[in-house]
Amino acid sequence: QADRKVARQMEAAQRTALAKGEVGIAERKPAPTLAGFAQRFIDSIQVRSAAKPKTIEFYAQQLARLLDYEPLANARLNTIDESLIERFVQHRTQQVSPTSVNRALATLRRLLRLAQEWQVIDRVPRVRLLPGERNREFVLSHQQERVYSAMAPQPLHDFALLDLDTGLRVGEALALQWSEIHLEPTNGAKFGYLHVKDGKSRFAKRNVPITARVRVMLTSRCARAKTPWVLVGDGETPMLVSSLDHAHARLRKALKMSADFVLHSLRHTYGTRLGAARADAFEIMRLMGHSSVTISQRYVH
């Protein structure tokens with residue numbers, strides 16, 4: 001080299017490389033691309049969420065959305081930075097709502113954090129979610145409930161009644177089995193209770209008291225039951241969420257009700273009615289299976 005400074009820098013680099021080799025320090029392999037790391041991420045999700053097929057399906061769908069954007073799919077994990085993420089956001093916002101964009105961003109954030117945990121990358125870039133998500137805060141009034149119940153077909157009618165009076169998540173309600181239903185009063189419940197054995201998080205496991213009208217409905221269904229499940233569709237298998245959702249959408253359209261009225265609104269109505277009945281945030285947390293009292297506080301006004 002003609003430049004003494006450059007020559008000394010090259011010498012130092014060469015000495016470092018030789019020293020590492022002598023003590024067995026291996027150079028880190030190049031980080032994989034997002035597409036190359038995708039299967040490893042999904043494999044981890046499948047193991048850790050084996051009991052939650054909806055969670056596995058969610059991450060698979062959102063990962064596919066990330067891989068649709070080639071600059072991101074072909075980027076090595078250690079080169080994914082805030083600039084590239086912003087380009088992805090600009091690309092996706094031209095096609096879908098902020099809510100959909102945020103779901104993909106949340107998946108990317110989890111994937112990158114997992115890569116850091118496995119020492120594939122050293123740094124996780126900041127992933128900023130978009131503002132302006134549409135929050136469905138629809139609450140069913142008692143008058144609307146009477147109209148809806150009068151027109152609802154089975155098993156949507158009984159699901160709605162159960163959800164309004166117990167606040168179960170849709171998946172929790174459809175997974176209920178008769179062995180988890182206790183119609184006789186006990187444990188301080190006036191009309192019996194039901195047991196949720198599994199759910200969204202470890203806090204989902206809980207006992208929920210039932211009301212008089214839910215007890216009448218469950219007693220009637222139990223007398224006709226031919227399967228272990230409380231709510232069944234066609235045949236002897238649990239009712240599918242998609243089938244229930246389609247039935248609800250048809251009825252909502254026929255009654256000309258707000259598009260914000262989704263199945264989850266029944267659970268939200270339960271929480272709102274608890275708050276109106278002066279239940280405190282900790283009672284609401286226990287009954288609804290929230291993971292944090294902060295979530296329950298919005299029902300207390």
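Predicted model: local features only at pLDDT ≥ 70, side-chain atom pairs only at ≥ 80, totals over all residues.

Biologist: How do I read its accessibility: is Ala-106 buried, partly exposed or exposed?

Modeller: The label comes from the relative accessible area: under 20% is buried, over 50% is exposed, and values in between are partly exposed. Ala-106 has 30% relative accessibility, so it counts as partly exposed. Ala-106 and Leu-84 are 22 residues apart in sequence, and their C-alpha atoms are 15 Å apart.

Biologist: What is the relative accessible area of Val-147, and where is Val-147 found?

Modeller: Val-147 is found in helix 7. Its relative accessible area is 42%, so Val-147 is partly exposed. From Val-147 to Tyr-69 there are 78 residues in sequence and 46 Å in space, C-alpha to C-alpha.

Biologist: Now for a pair of helices. At what angle do helix 2 and helix 3 pack?

Modeller: Helix 2 covers residues 34-48 and helix 3 covers residues 53-67; they pack at about 175°, and their axes are 10 Å apart. An angle over 145 degrees counts as roughly antiparallel, and that is therefore how helix 2 and helix 3 are arranged relative to each other.

Biologist: Which residues of helix 2 and helix 3 meet?

Modeller: From helix 2 come Leu-34, Ala-35, Ala-38, Phe-41, Ile-42, Ile-45 and Gln-46, and they meet Ile-56, Tyr-59, Ala-60, Leu-63, Leu-66 and Leu-67 of helix 3. Sorted by class, the residues of this contact are twelve nonpolar, one polar and no charged.

Biologist: Let us turn to helix 8. How many of its residues are buried?

Modeller: Helix 8 spans residues 156-166, and ten of its eleven residues are buried, so the rest of the structure largely encloses this helix. Among the buried ones are Leu-156, Phe-159, Leu-161 and Leu-164, and also Asp-158, Asp-163 and Asp-165.

Biologist: What should I look for in the backbone?

Modeller: Here is the general idea: most residues other than glycine have a negative phi, and most peptide bonds are trans. Around helix 8 you can look at both features. The peptide bond from Gln-154 to Pro-155 is cis, with omega near 0°. Pro-155 has its place in the loop between helix 7 and helix 8. After helix 8 comes Gly-167, with a positive phi near 70°.

Biologist: Which value does phi of Gln-119 take, and what about Lys-256?

Modeller: Gln-119 is a residue other than glycine with a positive phi, near 60°. Gln-119 lies in the loop between helix 6 and helix 7, and it is exposed, with a relative accessible area of 60%. Lys-256 is also not a glycine, and its phi is positive, near 55°. Lys-256 is found in the loop between helix 11 and helix 12, where its relative accessibility of 77% makes it count as exposed.

Biologist: Last topic: how much space lies in the second largest pocket?

Modeller: The general idea is that rolling a probe the size of a water molecule over the atoms shows where empty space is left. The second largest pocket holds about 200 Å³ of space. Its lining has 13 residues, of which Arg-221, Arg-224, Ala-225, Val-230 and Val-232 are the closest to the centre. By class, the lining is made up of six nonpolar, three polar and four charged residues.

Technical notes
Residues numbered from 1 in each chain as written. Heavy atoms only, no water. Axes fitted to C-alpha atoms, helices over the stretch in contact; angles between N-to-C directions. Helix = DSSP H or I, 4+ residues; strand = E, 2+ residues; numbered from the N terminus. Parallel < 35°, antiparallel > 145°, perpendicular 65-115°, else oblique. Contact = heavy atoms within 4.5 Å. Nonpolar A, V, L, I, M, F, W, Y, C, P; charged D, E, K, R; others polar. Buried < 20%, exposed > 50% of the residue type's maximum accessible area, 1.4 Å probe, protein only. 1 Å grid on protein atoms, 1.4 Å probe; cavity = no way out; pocket = protein on both sides within 12 Å on 5 of 7 lines; lining within 4 Å. Points joined across faces, edges and corners; volume = space filled by probe spheres on them.
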